[in-house]
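Hi,

Here is the structure I promised to pass on.

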Amino acid sequence: MNTEPIGVFDSGVGGLSVLREIRSLMPGEDIIYFGDQGHVPYGPRAMGQIQDFSEGIAQFLLKQRAKIIVVACNTASAAALTYLRQTFPEVPFVGMEPAVKPAAEKTQTGKVGVLATPATFQGALYASVVERFANGVELFQNTCNGLVQQIETGDLNSEKTRQILRNALQPMLENNIDTVVLGCTHYPFVIPLVEEIVGEKVRVIDPAPAVARQVKRLLETRGMINETGGILRFVTSGEAAALKSSLNILLGINSEVETIIWKNDLEIVA
């Protein structure tokens with residue numbers, strides 16, 4: 001199975017921030033990326049519906065012979081990661097966990113900002129992370145309403161995008177935060193803007209590199225590392241042209257994009 005692809009999925013283009021780190025760490029791996037842009041954004045949706053989407057996508061990726069599946073979406077991880085592991089026990093899954101632990105370990109002021117979607121904040125995964133690691137740390141949360149859609153359209157530096165981030169971050173800065181956790185895989189694509197707003201004294205934590213390292217550890221443990229591949233395949237449930245444009249803007253990649261159709265919330269017509 002070492003030559004089979006790594007499966008990566010997200011509600012849209014956010015998971016490309018994780019794909020970027022996996023590719024940097026393991027350039028010999030084939031990767032199939034699924035962007036569920038027909039359903040983006042996941043954040044405001046019901047947890048049960050996100051779970052259904054995630055199961056359908058996992059089924060699709062397994063039909064493409066994925067050897068490991070990366071849930072490169074904080075919202076889908078919150079809604080479905082435990083369920084996916086129970087439903088497909090033979091498959092290793094890696095999900096996104098808000099990086100509250102490293103933030104709590106590194107903060108000097110004891111005040112940390114967390115940017116994530118409503119579904120992530122409402123999920124048991126986030127609550128568990130906060131309970132285990134945020135003792136003695138004050139968390140300031142914001143859902144950055146509209147930011148996912150801005151990044152989906154490649155609008156990384158407009159006044160509207162800046163205003164969304166200013167509205168989220170300024171109250172946190174007034175409360176003396178010294179660390180910002182990016183709890184959505186879309187948000188690393190606006191790190192330069194976040195850093196511009198918060199200044200050099202505030203640390204910004206992107207969890208994607210740690211996720212890539214975990215993928216590598218799991219593959220090494222199973223003897224499934226591939227050093228002879230490197231093929232990237234992109235699939236969307238939205239418009240192929242939109243994902244193709246995003247690949248160029250966000251990663252500098254010029255690639256063909258395949259389109260699939262949802263039959264219902266659980267089934268994909270390839």
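**How α2 and α3 pack**

The axes of helix α2 (residues 47-63) and helix α3 (residues 74-87) come within 8 Å and cross at roughly 55 degrees. Keep in mind that this is a predicted model. On the α2 side, the contact is made by Met47, Ile50, Gln51, Ser54, Glu55 and Ala58. From α3 come Thr75, Ala76, Ala78, Ala79, Ala80, Tyr83, Leu84 and Thr87. Sorted by class, that contact of α2 with α3 has 9 nonpolar, 4 polar and 1 charged residues.

A bit more on α2 itself: the helix has 17 residues and reaches 25 Å from its first C-alpha to its last, close to the 24 Å expected at 1.5 Å a residue. Its buried residues are Ile50, Phe53, Ser54, Glu55, Gly56, Ile57, Ala58, Phe60 and Leu61. Just after α2, Arg65 has a positive phi of about 70 degrees.

Then there is Ile249, which sits in helix α11 (residues 240-251). Ile249 and Gly28 are 221 residues apart along the chain, and their C-alpha atoms are separated by 23 Å.

Cheers

Technical notes
Residues numbered from 1 in each chain as written. Predicted model: local features only at pLDDT ≥ 70, side-chain atom pairs only at ≥ 80, totals over all residues. Heavy atoms only, no water. Helix = DSSP H or I, 4+ residues; strand = E, 2+ residues; numbered from the N terminus. Expected span 1.5 Å × (residues − 1). Buried < 20%, exposed > 50% of the residue type's maximum accessible area, 1.4 Å probe, protein only. Axes fitted to C-alpha atoms, helices over the stretch in contact; angles between N-to-C directions. Contact = heavy atoms within 4.5 Å. Nonpolar A, V, L, I, M, F, W, Y, C, P; charged D, E, K, R; others polar.
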